[in-house]
Amino acid sequence: MTATADYKTLAERASQELADATAEEALRWTAETFGDDFIVASNMQDAVLIDLATKVKSDVDVLFLETGYHFPETIGTRDAVQTVYPDVKIVNAQAAQSVAEQDAEHGPKLHDRDATLCCNLRKVVPLRKALANYSAWVTGVRRVDAPTRANTPIVTWDDRNGLVKINPIAAWTDDEFTGYIREHGILENPLVSIGYLSIGCAPCTARVEPGQDPRSGRWAGQSKTECGLHG
């Protein structure tokens, strides 16, 4: 069997064995199984997943997609993470083109005209290139985030990127999530406190009114609901 086939079989087995695993159990399995060969993805909305991961591997690699369109607060949160968790290695994945180069080829504000293409160029492709260096990645996807994520497993095979995908907090409710932040004093992007409940690139992220779906602030006014990283 090839290494890919081996890992796919591993993921399929773990999907059943860790179906009801806690976040700590899932992350401990990840660290024990992959050692240095996994990375934790973060959009720097908060450091919940990073905090959990450092409990099993203090020097864990953390993937940040540096799209060139982030809010200053998001970049500040990334820098604060490095200060609070000095052992982690932040991997800044960037697109092949700068924003200026992309504007020159596709025209300014591609995100307003073709958000899917913009996400592909600045997120999906850089993510795929970064993940090619690892055998597994850990995400903060939760089932309550959106209907498209309702059946997210704890462990799965990521066929699109060709590696094992671990979603340790998939089963967490919003109360469990916010409770962890409060109980442990976790870093949180300051934009959250003023109504930005699902933070992506600045041009495609809006404040959410009380009672609205947290992800309604992403690509507001468009049918688009995912950037393509998770489906």
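This is a predicted model: local features need pLDDT of at least 70, side-chain atom pairs count only at pLDDT 80 or more; totals for chains, interfaces and linings use all residues.

Q: Is Ala11 buried or exposed?
A: Ala11 counts as buried, because its relative accessibility is 1% and the cut-off for buried is under 20%.

Q: And what does Ala11 touch, leaving out residues up to four places away in sequence?
A: On that basis, Ala11 touches Val155, Thr156, Trp157 and Val164.

Q: How far apart are the C-alpha atoms of Ala11 and Ala136?
A: They are separated by 9.7 Å, although the two residues lie 125 residues apart along the chain.

Q: You listed Trp29. What does Trp29 touch beyond four places in sequence?
A: Trp29 touches Leu10, Ala14, Leu18, Phe34, Val155, Val164 and Ile166.

Q: Which residues of α2 are buried?
A: The buried residues of α2 are Ala23, Ala26, Leu27, Trp29, Thr30, Ala31 and Phe34. They pack against α1, α3 and the strands β1 (38–41), β4 (136–138), β5 (155–158) and β6 (163–166).

Q: What span does α2 reach, and what comes just after it?
A: From its first C-alpha to its last, α2 reaches 16 Å with its 12 residues, close to the 16 Å expected at 1.5 Å a residue. Just after α2, Gly35 takes a positive phi of about 60°.

Q: Switching to the strands: in what order do the six strands form the sheet?
A: The order is β3-β2-β1-β4-β6-β5, in an open sheet with mixed pairing. Because β3 and β5 stand at the edges with a single partner strand each, one side of each is left without a neighbour in the sheet. Neighbouring strands are turned by 30° against each other on average, direction ignored.

Q: In what sense do β1 and β4 pair?
A: β1 and β4 pair in the parallel sense, over three bridges. Within β4, Ala136 is the bridge partner of Phe38.

Q: Which strands does α4 touch as it packs on the sheet?
A: α4 touches β2 and β3, and its direction makes about 165° with that of β2. Helix α7, residues 115–131, also packs on the sheet, where it touches β1, β2, β3, β4 and β6. The direction of α7 makes about 155° with that of β2.

Q: Back to α4, then: which of its residues are buried?
A: Thr74, Thr77, Arg78 and Val81 are the buried residues of α4.

Q: Why are those on the same side of α4?
A: They cover an arc of only 100° around the axis, and therefore lie on the same side of α4. In general, an α-helix has 3.6 residues a turn, so residues three or four places apart point the same way.

Q: What is exposed on the other side of α4, and what covers its buried residues?
A: Pro72 and Thr83 are exposed on the other side of α4. What covers the buried residues includes α3 (48–54), β2 (61–66) and β3 (89–94).

How values were computed:
Residues are numbered from 1 along each chain as its sequence is written. Side-chain values use heavy atoms; hydrogens and water are left out. Contact means heavy atoms within 4.5 Å. Buried means under 20% relative accessible area, exposed over 50%, partly exposed in between (1.4 Å probe, protein chains only). Helices (H or I, at least four residues) and strands (E, at least two) are DSSP runs, numbered from the N terminus. The arc is that of the directions from the helix axis to the C-beta atoms. The expected span of a helix is 1.5 Å times one less than its number of residues. Two strands pair if DSSP finds at least two bridges between them. Axes are lines fitted to C-alpha atoms, for helices over the stretch in contact, and angles run from 0 to 180 degrees between N-to-C directions.
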